[in-house]
Amino acid sequence: MFHIIGDLFDAASLTALKEAVAELDYEDGRRTAGALAARVKRNAQAVPGPAREAVIAKVQAGLMASSAFNSAARPKGFARMLVSRYDGGQAYGTHVDDAIMAGARTDLSFTLFLSDADSYAGGGLVVQDRAEDRLIRLNAGEVVLYPSDTLHRVEPVTDGTRFAVVGWVTSWLRDPRQREMLFDLDQAIAFERAGRAEDGQLDRLAQLRSNLLRLWAE
Ligand code: NI
């Protein structure tokens, strides 16, 4: 299941984040790619260092403060985050993300778009499923969360520069069906809280969610 989440940052924070990302130093993105992915990966990513870590810390804090992100991902931790940059002609061909990164299982992948959609051409994230390709191209500050077990690619950037922070989440729940059921329960609870909290339904929904999480969390 795909989730698109906005409103992670207020306008001033987003502007500061975009400026910080543009000022980082970048190196060949193949450094962190697996052998197969390295054959199709043509981009740049930020060199590790204090400036990059500050960007990643802001992104992580923004995600962890988001109820939508927490509900969709049930994050146990972040296996890795990278700041990526695609200039004209660069792309990332079809690949699957590594199952284990830095000793952690990758359950969900995300891309936080940090360039305004009309400031570059091409560069869509395309995720394959059995029936069709799904093209995702978001505004700056919006993040897409998608299953790490998918084949996906980044289409060539044909004009301008595309900045993004990409990352991988280890979830408390490895089974996406369990995550989706709990997400739906969160939605139902939020709906009930808004109106009919007095009839006991909210308590029952909360009990069911808590017991399912207790049953499944590892
Ligand atoms: Ni990938």
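Q: What makes strand 11 and strand 14 a pair?
A: This is a predicted model, and in it strand 11 (residues 125-128) and strand 14 are joined by three bridges in the antiparallel sense. The cut-off for pairing is at least two bridges, so three bridges qualify.

Q: Why is Leu135 called exposed?
A: Leu135 sits in strand 12. Its relative accessibility is 53%, and exposed means over 50%, so the label holds. With Gly124, eleven residues apart along the chain, the C-alpha separation is 6.1 Å.

Q: How do you know that His95, Asp97 and His152 are donors of the nickel ion?
A: By distance: His95 (NE2), Asp97 (OD) and His152 (NE2) lie 2.1 to 2.2 Å from the ion. The limit for a donor here is within 2.8 Å, so these atoms count. Along the chain the donors follow the spacing H-x1-D-x54-H. That links distant parts of the chain: His95 is in strand 6 (residues 91-95) and His152 is in strand 14 (residues 152-154), 57 residues apart.

Q: Why do His95 and His152 count as buried?
A: Buried means under 20% relative accessible area. His95 comes in at 6%, so it counts as buried. His152 comes in at 3%, so it gets that label too.

Q: What makes strand 9 "mostly covered"?
A: Six of the six residues in strand 9 (residues 108-113) are buried. That goes for both faces: Leu108, Phe110 and Leu112 on one side, Ser109, Thr111 and Phe113 on the other.

Q: Which strands does strand 9 pair with, and how do you know?
A: Strand 13 (residues 143-147) pairs with strand 9 in the antiparallel sense over five bridges, one of them joining Leu108 to Pro147. Strand 16 (residues 162-171) also pairs with strand 9 in the antiparallel sense, over six bridges, and there Phe110 has Gly167 as its partner. With at least two bridges needed, both pairings qualify, so strand 9 is paired with each.

Q: How do you know that the length of helix 5 agrees with what it should span?
A: Helix 5 (residues 176-194) has 19 residues, and at 1.5 Å a residue it should span 27 Å. Its end C-alpha atoms are 27 Å apart, so the two agree.

Q: Which residues of helix 5 are buried, and what covers them?
A: Among the buried ones are Leu182, Phe183, Leu185 and Ile189, along with Arg179 and Glu180. The cover includes strand 1 (3-5), helix 4 (67-73), strand 9, strand 16 and helix 6 (201-216).

Q: What makes domain 1 and domain 2 touch, and how much area is buried between them?
A: The chain is divided into domain 1 (3-171) and domain 2 (176-216), with C-alpha centres 30 Å apart. Contact means heavy atoms within 4.5 Å, and nine residues of domain 1 are in contact with six of domain 2. The buried area is about 650 Å², with carbon and sulfur atoms giving 48%. On the domain 1 side, His3, Ser71 and Arg74 lose the most area to domain 2, together 70% of what that side buries.

Key. Residues numbered from 1 in each chain as written. Predicted model: local features only at pLDDT ≥ 70, side-chain atom pairs only at ≥ 80, totals over all residues. Heavy atoms only, no water. Donors = N, O, S within 2.8 Å, 3.2 Å for Na, K, Ca; no water. Helix = DSSP H or I, 4+ residues; strand = E, 2+ residues; numbered from the N terminus. Buried < 20%, exposed > 50% of the residue type's maximum accessible area, 1.4 Å probe, protein only. Expected span 1.5 Å × (residues − 1). Domains from an automatic or database assignment. Buried area = accessible area lost by both parts, 1.4 Å probe.
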